[in-house]
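Got the viewer open and a sequence panel beside it? Follow along and click as we go.

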Amino acid sequence: MSDKKTALVISAHAADFVWRCGGAIALHAEMGYNVTVACLSFGERGESARLWKEGKSLDEVKAIRRGEAEEAAKALGVHDLVCFDLGDYPLELSRDNKTDLVNLIRKVQPSFMLSHSQYDPYNTDHMYTTQVALECRMIAQAWGHNPGEKVLGAPQLYLFEPHQTEQMGWKPDTFLDITPVWDKKRAAMEHMNGQVHLWDYYTSVAQQRANHFKRNSGGMSGGRDCKYAEGFQSIFPRTVDEL
């Protein structure tokens, strides 16, 4: 890897990285980060209802979802989209699959990681993905795993916003202003034609989080304006030199 800063998104399904952290991806790409997205499945069985209603076959659905994810990744400035194609509903990783993910984490050496909420009774693929992300992060840090390789440091794992926020126990402690790259996120969302109903939903979420950004950045007494934002929950304590 080069000396450029890097980030890694671990997404259960092909569209998750677009709705939930597309702004963060685009913003950090503009900052010069190489952002890698690990897409564990295409969401072909559980998140492609419109395509199934149109009578598409499994292979057709997967091909469409892959194409949508690739176009969305281009719109966001993703450095590398890695499709594991492990299937969904349920999503399951073997030991070898986890080793492949550990290898990717070590290759990327991310400054920070992004994945799902830790609890999601509506979609267990999501919370399973974060369990796997934590496990593979731990393994990637272990000096005894493939000795001689560069081990992972201690990147923060940020949990992006789930769909049914109140039911997930997800509590954001970080708000990111994505106003400068909103057009890129909206363009990426509009590539996800299998879930058109979510385009305006996640636009509304971004506007609501922008209000929270403003309230927590000084409010009416010095806070800067923000039109679109994303919220994240950090897993590990953060050490900073300034607030």
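**Stop one: a strand with neighbours**

Select Leu-8 and look across to its bridge partner in strand S4, Met-113. This is a predicted model, where local features need pLDDT of at least 70, side-chain atom pairs count only at pLDDT 80 or more, and totals for chains, interfaces and linings use all residues. Residues are numbered from 1 along each chain as its sequence is written, and side-chain values use heavy atoms, with hydrogens and water left out.

Now show strand S1 (residues 6-11): S1 and S4 run parallel, paired over three bridges. (Strands are DSSP E runs of at least two residues, helices H or I runs of at least four, numbered from the N terminus; a pair needs at least two DSSP bridges.)

Next, pick strand S5 (residues 156-160), which pairs with S4 in the parallel sense over four bridges. Phe-112 faces Gln-156 there. To get from S4 to S5, trace helix H5 (residues 124-140); this β-α-β crossover is right-handed, meaning clockwise from first strand over helix to second with the strands pointing away from you.

Color S4 (residues 112-115) by side. In a regular strand the side chains alternate between the two faces of the sheet. Phe-112 and Leu-114 sit on one side, Met-113 and Ser-115 on the other, and all are buried (under 20% relative accessible area, 1.4 Å probe, protein chains only).

Which helix gives the most to the lining of the second largest pocket? Select H1: it contributes three residues.

Key: Buried < 20%, exposed > 50% of the residue type's maximum accessible area, 1.4 Å probe, protein only.
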